[in-house]
Amino acid sequence: MLGTMQDRPLTLTHFFERAERSFARKELVSGSATGVERTTYGEWAERTRRLGGVLDDLDISADGRVATFAWNTARHLELYFAAPCSGRVLHTLNIRLFPEQLTYIVNHAQDEVIFVDRSLLGLLAPLLPTFETVRHIVVMEDGGDVPDPTGIELLDHEELLAGASPVEFHVEDERRAASMCYTSGTTGNPKGVVYTHRSTYLHTLGVLGADAIGVGERDTVMPVVPMFHANAWGLAHAGVASGASLVLPGPRMTPPALAELIESERVTIAAGVPTIWMGVLPELEGRDTSALRMIPCGGSAVPKALSEAYREQLGLPILQAWGMTETSPVASVAITRSWMDDLDESVLADVRATQGPALLGVELRIAHQETGEELPWDGASRGELQAAGPWITASYHDDPRSPESFTEDGWLRTGDVAVITPDGYVQIVDRTKDVVKSGGEWISSVELENEIMAHPDVAEAAVIGVPHPKWSERPLACVVVREGASLAKDDVLGFLDGRVASWWLPDDVVFIDEVPKTSVGKFSKKDLRDRFGGHQLPTV
Ligand code: ADP
């Protein structure tokens with residue numbers, strides 16, 4: 001027997017039309033090179049419809065890829081909806097990718113047009129001759145003063161908009177591609193993930209859930225996480241869907257500028273990767289952060305010390321989330337549950353240092369690395385984390401590497417090693433390729449880093465495995481000392497003594513000026529391995 005319910009497609013046009021009608025007065029704030037710009041969902045919707053007309057005028061194919069090379073702004077948000085709601089596919093380009101990777105993904109995705117912020121034109125211009133399918137470059141003025149490159153025809157965004165007619169949005173099939181994103185590709189070329197209207201719709205509902213991020217109309221959400229990195233964790237869509245005000249920092253990405261926006265715009269939810277929050281904390285000192293109620297953070301493990309430092313200074317710990325480009329990205333959030341209310345703060349801090357339980361709608365499991373056998377949720381068994389659900393990708397876009405990333409029964413192999421507690425709390429131990437394999441046993445580089453970063457004089461720390469004649473690999477700690485402090489190898493090792501098993505103690509400590517970061521702000525272990533892979537460990 002089938003049900004009697006209407007089978008209406010889950011498409012982004014519904015979010016768009018709802019914001020256009022019901023939230024027209026709500027505000028969108030965008031940072032620019034010179035200050036902040038203000039608009040409303042009403043004006044945004046009107047421009048978004050005309051932007052649909054621009055895509056028609058530019059003769060972009062019915063499912064043509066519309067690329068963006070842009071900061072987080074209301075203009076970028078127009079493209080977030082104009083492209084998919086007119087049937088096209090938004091492709092957000094990561095402005096920090098290596099040039100050859102950008103060339104690869106633009107050609108692989110077959111982008112037809114790129115909308116670029118003026119202040120970023122200098123990064124993109126040298127690559128334009130390498131793009132095989134791009135027919136138009138549209139420049140969006142963001143207060144930047146990068147001059148036009150010579151010999152390339154550029155179109156002016158505002159001129160195009162002024163000359164275009166608004167269009168009706170209609171998407172029949174919820175399985176139609178809405179947007180695409182490439183992983184940042186620490187090894188090999190980036191891999192593409194294509195989101196559907198349906199997957200984005202359901203992921204947004206997931207993010208809006210009270211036990212996830214719980215975004216509501218009363219919120220003012222500031223996604224510091226870029227709109228080119230895994231859909232800004234769904235927060236741009238969540239803003240439009242819920243009518244929450246959005247504060248989009250544009251190029252104003254320095255810690256003082258972000259701290260100022262949090263205070264002046266009375267931001268309630270501010271989301272970004274751990275390195276952002278490390279920089280912003282001292283800048284929040286003495287500011288009014290009373291509106292702030294949640295700091296979602298993920299992309300790499302959130303050091304317990306960082307979360308606790310926020311709790312001490314702001315009375316608000318960081319909310320850890322886990323996900324991947326492949327999972328839209330939010331798959332789990334480290335909420336605490338009602339029965340934990342009476343627990344000690346130190347125990348709660350440990351709960352917050354996990355990646356939390358899966359969101360409603362997502363299934364997670366752990367499997368033995370070699371046999372693939374499913375492992376119990378006993379808080380001890382370590383295995384590869386695998387994911388399934390309506391907003392988890394089933395393959396990579398046009399990529400022969402797809403099969404190795406999926407199990408026979410279609411689950412995504414995340415490449416993360418995790419433990420799951422009986423209550424379903426996931427603890428990421430490491431990335432498969434970063435775990436230190438010492439004498440057949442595993443040492444979690446993430447756990448070691450967390451412990452080292454708890455030292456008050458340590459600004460950042462990353463741990464890599466380096467070759468060892470007897471143990472195959474041993475941990476090397478790469479430590480950045482806090483400004484004005486001084487630290488020796490024995491201080492670090494002495495601090496770790498008793499905090500980790502003795503056989504986990506790094507064989508050596510090197511002091512560096514900065515931990516190299518990837519294009520999305522994560523510690524780049526690959527760069528550290530290139531630099532220290534041949535490091536001679538002391539023999540005793
Ligand atoms: P990339 O592979 O390009 O870094 P993603 O941003 O999609 O792209 O990264 C996903 C990976 O980031 C996950 O597989 C995991 O290793 C890591 N990650 C994300 N969130 C967390 C978290 N809260 N704790 C630990 N690792 C995380």
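Modeller: A crossing counts as left-handed if the near helix is turned anticlockwise from the far one by less than a right angle, and as right-handed if clockwise. This is a predicted model, where local features need pLDDT of at least 70, side-chain atom pairs count only at pLDDT 80 or more, and totals for chains, interfaces and linings use all residues. Residues are numbered from 1 along each chain as its sequence is written, and side-chain values use heavy atoms, with hydrogens and water left out.

Let's start with H1 and H3. The crossing of these two, H1 and H3, is left-handed. On the H1 side, Leu12, Thr13, Phe15 and Phe16 meet Phe81, Pro84 and Cys85 of H3 (contact means heavy atoms within 4.5 Å). That contact of H1 with H3 comes out as six nonpolar residues, one polar and no charged (Ala, Val, Leu, Ile, Met, Phe, Trp, Tyr, Cys and Pro count as nonpolar, Asp, Glu, Lys and Arg as charged, and the others, Gly among them, as polar). As for geometry, H1 and H3 (residues 74–85) pack at about 130 degrees, with axes 9 Å apart, which makes H1 oblique to H3 (under 35 degrees is roughly parallel, over 145 roughly antiparallel, 65 to 115 roughly perpendicular, the rest oblique). Axes here are lines fitted to C-alpha atoms, for helices over the stretch in contact, and angles run from 0 to 180 degrees between N-to-C directions. Helices (H or I, at least four residues) and strands (E, at least two) are DSSP runs, numbered from the N terminus.

H1 (residues 12–22) also packs on H2 (residues 41–57), at an angle of about 135 degrees and with the axes 8 Å apart. H1 and H2 are therefore oblique to each other, and their crossing is left-handed. Here H1 supplies Phe16, Glu17, Ala19 and Glu20, while H2 brings Tyr41, Trp44, Ala45, Thr48 and Arg49. Sorted by type, the contact of H1 with H2 has five nonpolar residues, one polar and three charged. Phe16 turns up in the contact with H2 and in the one with H3.

Further along, H7 (residues 197–208) and H8 (residues 235–242) pack at about 80 degrees, with their axes 9 Å apart, and are therefore roughly perpendicular to each other. Thr200, Thr204, Val207 and Leu208 of H7 touch Leu235, His237, Ala238, Ala241 and Ser242 of H8. The contact of H7 with H8 holds five nonpolar residues, four polar and no charged.

Most residues other than glycine have a negative phi, and most peptide bonds are trans. Alanine 232 has a positive phi, near 50 degrees, and sits in the loop between strand S10 (220–223) and H8. Serine 328 and proline 329 are joined by a cis peptide bond, with omega about 15 degrees; look for proline 329 in the loop between strand S14 (319–323) and strand S15 (330–333).
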